[in-house]
Structure formats: structure tokens, C-alpha cells
Amino acid sequence: MSDSPAVDTIRDFLVRTGKPAEFEPSTSLYGDGLGLDSLEVAELSVLLEDTYGNDPFSAGLEVTTVGQVLDFYAPSA
């Protein structure tokens, strides 16, 4: 698992919302993955924006997995 600070932000969000806080990069944000609904994804988007100044959802990316969120914050090579 990435050592990105976004991992802790996502994990803290999941704990606060009562969702399972264990995930892999391939874990879906929706359905059988984290089980987030559209309001919870919007809340996560706001949290990420407030914490890091940007977020993959507002950037217009089609984000469906935790790994895609983490990739957004990964340092570019």
C-alpha cells in the first residue's frame, strides 16, 4: 500500500463514516468495495480538496477505485 498521506485521509474518512477502513488500491469506492454512495463521495472530494488543495473528482477524472485517488496524489516522476 502506498505511503501517501492520502491513505490516512481516506482511512480517517472511512472510520468517521462507519465504513470498513481496510482497502487495497484496487478496492472500488462503490458497491462491494467501500460502499460509498454519491453523497459520501462528494464528502470525500471536499475533504481531499480542503486537505490537499485539489482532488481527482473536481479535476474531472473518472475515479472508481482507491488506487486512482492515490495515483492522483502520487509524486510525478
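Residues are classed here by relative accessible area: buried means under 20%, exposed over 50%, and partly exposed in between, with a 1.4 Å probe and protein chains only. By this scheme S45, at 10% relative accessibility, counts as buried. The model is predicted; local features need pLDDT of at least 70, side-chain atom pairs count only at pLDDT 80 or more, and totals for chains, interfaces and linings use all residues. Residues are numbered from 1 along each chain as its sequence is written, and side-chain values use heavy atoms, leaving out hydrogens and water.

The chain contains three helices and zero strands. Helices (H or I, at least four residues) and strands (E, at least two) are DSSP runs, numbered from the N terminus. The order of elements from the N terminus is α-α-α. The radius of gyration is 11 Å, close to the 11 Å that the globule rule gives for 77 residues, so the chain is as compact as a globular protein of that length. This radius is taken over C-alpha atoms, and the rule is 2.2 Å times the number of residues to the power 0.38. Along the principal axes, the C-alpha atoms fill a box of roughly 35 × 25 × 20 Å.

Of the 77 residues, 36% count as buried. The accessible surface of the chain comes to about 4500 Å². Carbon and sulfur atoms account for 51% of this surface. Accessible areas come from the Shrake-Rupley method with a 1.4 Å probe; for residues, only the protein chains shown count as cover. Contact means heavy atoms within 4.5 Å. Among contacts between residues at least 6 apart in sequence, 45% join residues at least 24 apart.

In soluble globular proteins, nonpolar side chains tend to be buried together. A nonpolar core is defined as a set of buried Ala, Val, Leu, Ile, Met, Phe, Trp, Tyr and Cys residues joined through side-chain atoms within 4.5 Å. The largest such core here has 19 residues. Within this core, I10, L14, L29, L36, F57 and V69 touch the most other members. Helices α1, α2 and α3 are the elements that give two or more residues to the core. The largest share, five residues, comes from α1. Beyond residues up to four places away in sequence, V69 touches I10, L29, L48, P56, F57 and V63.

T9 is placed in helix α1 (residues 5–16). T9 counts as buried at 12% relative accessibility. Residues up to four places away aside, T9 touches L47, L48, T51 and Y52. S45 lies in helix α2. Setting aside neighbours within four places in sequence, S45 is in contact with D55, F57 and S58.

A pair of aromatic rings is described by the distance of the centres and the angle of the planes. Rings of Phe, Tyr and Trp (its six-membered ring) pair if their centres lie within 6.5 Å; planes under 30 degrees apart count as stacked, over 60 as edge-to-face and the rest as tilted. The whole structure holds two aromatic pairs. One of them, between Y52 and Y73, is tilted, at 4.9 Å centre to centre and 45 degrees between the planes. Y52 lies in helix α2 (residues 38–52) and Y73 in helix α3 (residues 66–73), so this pair ties together parts that are 21 residues apart in sequence. Y52 is partly exposed at 28%, whereas Y73 is buried at 17%. The rings of F72 and Y73 have centres 5.0 Å apart and planes at 85 degrees, so this pair is edge-to-face. F72 is partly exposed, with a relative accessible area of 27%. Y52, F72 and Y73 form one aromatic cluster.

N54 is placed in the loop between α2 and α3. At 35% relative accessibility, N54 is partly exposed. Beyond neighbours within four places in sequence, N54 is in contact with L48, E49, F72 and Y73. The C-alpha atoms of N54 and E43 are 13 Å apart, and the two residues are eleven apart along the chain.

A21 lies in the loop between α1 and α2. A21 is buried, with a relative accessible area of 16%. Neighbours within four places aside, A21 is in contact with R11, L14 and V15. The charged end of R11 sits over the ring of F23, 5.0 Å from its centre. A charge sits over a ring if NZ of Lys or CZ of Arg is within 6 Å of the ring centre and within 35 degrees of the ring normal.
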